[in-house]
Amino acid sequence: MADAATPVTLRLEGVRKSYGIGTPVATEVLHGIDLVLRQGEFAALIGPSGSGKSTLLNVIGLLDHPDTGRILIEEQATQGLEDDVRTRLRGRAIGFVFQHHHLLPEFTALENVMMPLLAARGRPDDEMRARAAGLLDRVGLTPWRDHMANDISGGQQQRVAIARALATHPPLVLADEPTGNLDTRSADGVFDLMREINVANRTTFLIVTHDPRLAQRCDRIVELVDGRIVADAANANVVRRG
Amino acid sequence: MNRFTPFELIAALRFMREGAMQTLLIVFGVGLGGGVIIFMSAALAGLQANIVRRTLNFQAPIVVSAPDRVARPLRGDGAAEAALVQPRSQQLRSIDQWQKVLAAIGRLPEVTAATPVVSGPGFALRGDANRAVSITGIEPETYFAVVALADKVVAGRVELGTTGILIGTELAKDLGAAIGDKLRLTTATGAALTLDVTGIFDFGNKSVNERSVFVSLRTAQNLLNLIGGVSSIEVRVRDPFGAEDVAQAIHGATGQQADSWIRTNAQFFTAMSAQIVTNTLIRVFVGLTVALGIASVLIVSVVQKGAEIGILRAMGTTRGQVLRLFLIQGGFMGLAGSLLGSVLAYGFLLVFRAVAQNPDGTPIFILEMEPPLFAVAAVGATVVGLVAAVVPALRAARLDPVVAIRG
Ligand SMILES: Nc1ncnc2c1ncn2[C@@H]1O[C@H](COP(=O)(O)OP(=O)(O)OP(=O)(O)O)[C@@H](O)[C@H]1O
Ligand SMILES: [Mg+2]
């Protein structure tokens, strides 16, 4: 589905990242990553624990800075941006779904979905409320919209988190083990939901997962081992990790 | 979520609601501290007002008089000379060229009014009754601008003319004198005059009501043998507590002796400055405790909410927004605490009023709390809260979202 004519959502060029720079235990975690994700791709990022998957996602999501290399979001360079500009770009262009700390417990499900828009616009308005309600409806949680975030089940929380990740209509959604804490049925539901949104909106997804079953259901599987991409192919060709 | 409420305020209020117990405890703590500060501020203001009321009521803040004559020993009298030198008795003397001195004093910027006075001892006689009195000769138009005598007249008129005399309530009782009665004043110079009681005053001070009598300047000049002269010039100043500086300026400008009420009531003021120092120290330390309390609650909150701060940052919340989110919490804690503190301080005031009473039920000490005090407290506490929140807010704003989310 991603031929050379499809617009590029994410481009990484020679991204390196070390931890503990300036200390005796400085270690490079990402050793020069090149990666291109095109609009509408639904890619799995797999690899053993400690291989650098979360680190890579944080760097892509502009939460962390690479040591060297370039990250382009929709072909726009991101290095050297002021923190506020980076933050605004992150809020607009990237949706996050995390494994832990899904939601803000001080707010209702609906308010959590509104939050990225609220941070960007500064004040609540009817349009963001309606958009958030629509997204909650899309993830099947309309009956729970006014429940506090901690008063709904883990699977429901993760659906709210997906709705929230979509609030700003970002071109790219990064999910770090979004189903890691869920039972198989909820995991399937959450996964299907992301797939549906991917198909309907042509939103690009990069999903870290340890579950080979789910990885097999992605269009493309990128495998990271020791901070290097060792395999990257359309699903039919991918070698199962193990 | 109101459409007019900014994001930072919404989030700050939710954070505080989520930690309701923490918030309530710190607001209560700030309230207690604020109540103590408000009450102590009122007490200090009350103390100063009471001193002003009790002394400046019937006393000018500055009294200017001729410099003391220095007694000189006769030269060459030998070893015993020091012992033989005695201060001369200070007879009543006029200020040299007092009109010029008066004009010079009037030109000083801090001076609001000045009036010439002739005063000295004498006796008031009526029938068999005879009382030692202190005679004050005044120029009513200017004197009333310095001492609020006119307001204290409780019977009769404030007019003096050449034969009028104003006496205090106690003296009127002692002599059995009423308005329109005649009174005879005599002095050590042998002069004697018969005067009409035109008014009776009450300064709220027994010895003043007993001993002071007011006559016209000319009458006093005749009685005290000081024709054309004045024994002192009484001066009113803008800030009574700055009177000592003005007194020194007057001395510098005129060479006359100038005594401020601060000097003449020195023990009073020593006691009061001790009060001011302890009171201020207590208020400063209570304020610091309040600020530290707010700061520590917020520091803990920043740690507790680390992951949420990280998520907010991931969703596009800027550092500035996170900073304001915590500053608002500090400001709110200060403001809410000060409102509670105002209520508590008013409670302390009622208790104080019930306890600090003379046996006859009149207050020992008049203590008031004016609305501006509460307004100042509210603004001050909000500022203290904001300042206390600076360090926690900076910590929150600088949190690395990656670290915060990993938890
Ligand atoms: N803040 C840090 N300081 C030092 N080393 C770190 C830090 N964060 C991660 N690392 C190291 O970087 C490497 C990659 O970590 P990362 O979390 O990206 O792995 P991962 O592939 O997401 O693993 P998992 O599947 O267990 O989530 C690991 O060796 C980890 O110990
Ligand atoms: Mg990880």
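This is a predicted model: local features need pLDDT of at least 70, side-chain atom pairs count only at pLDDT 80 or more; totals for chains, interfaces and linings use all residues.
Between chain B and chain A, the buried area comes to about 2800 Å², and carbon and sulfur atoms account for 60% of it. Three residues deserve mention here: Met1(B), Arg3(B) and Met315(B) together supply 23% of the area that chain B buries against chain A, more than any other three residues. In terms of residues, the contact draws 30 from chain A and 32 from chain B.

Let me turn to the polar side of this interface. Counting pairs with both residues at pLDDT 80 or more, there are 8 residue pairs in polar contact between chain B and chain A. Which elements of chain B give two or more residues to the side that touches chain A? They are helix H1 (7-18), helix H13 (306-314), helix H14 (319-355) and helix H16 (401-406). Of these, H1(B) gives the most, with 7 residues. Sorted by class, the side of chain B that touches chain A comprises 15 nonpolar, 10 charged and 7 polar residues.

Next, the salt bridges. The structure holds 27 of them over all chains, and 4 are found across the interface of chain B and chain A. I shall show two pairs. In one, the side chains of Glu111(A) and Arg14(B) meet at 2.6 Å, N to O. That pair crosses between chains, running from helix H3 (residues 109-121) of chain A, which holds Glu111(A), to helix H1 of chain B, which holds Arg14(B). In the other, Arg313(B) and Asp83(A) form a salt bridge through their side chains, with an N to O distance of 3.3 Å.

I come now to the ligand. Where does ligand 1 lie? Its position is between chains A and B. The shell numbers 13 residues, and the closest are Ser49(A), Gly50(A), Lys53(A), Ser54(A) and Thr55(A). Helix H1 (residues 53-60) of chain A gives the most to this shell, with 3 residues. By class, the shell has 7 polar, 3 nonpolar and 3 charged residues.

An N or O atom in the side chain of Lys53(A) is 2.7 Å from a ligand oxygen. For the side chain of His210(A), the corresponding distance is 2.9 Å. Gly52(A) takes part through its backbone, where an N or O atom lies 3.0 Å from an oxygen atom of ligand 1. As for cover, ligand 1 taken alone exposes 630 Å², and the protein buries 62% of that.

That concludes my presentation, and I welcome discussion.

Notes
Residues are numbered from 1 along each chain as its sequence is written. Chains are lettered from A and ligands numbered from 1 in the order in which they are written. Side-chain values use heavy atoms; hydrogens and water are left out. Contact means heavy atoms within 4.5 Å. Buried area is the accessible area (1.4 Å probe) that two parts lose on being put together, summed over both. A polar contact is a pair of N or O atoms within 3.5 Å; within protein, one must be able to donate a hydrogen and the other to accept it, and residues adjacent in sequence count only if both atoms are side-chain atoms. Helices (H or I, at least four residues) and strands (E, at least two) are DSSP runs, numbered from the N terminus. Ala, Val, Leu, Ile, Met, Phe, Trp, Tyr, Cys and Pro count as nonpolar, Asp, Glu, Lys and Arg as charged, and the others, Gly among them, as polar. A residue is near a molecule or strand if one of its heavy atoms lies within 4 Å of it. Accessible areas come from the Shrake-Rupley method with a 1.4 Å probe; for residues, only the protein chains shown count as cover.
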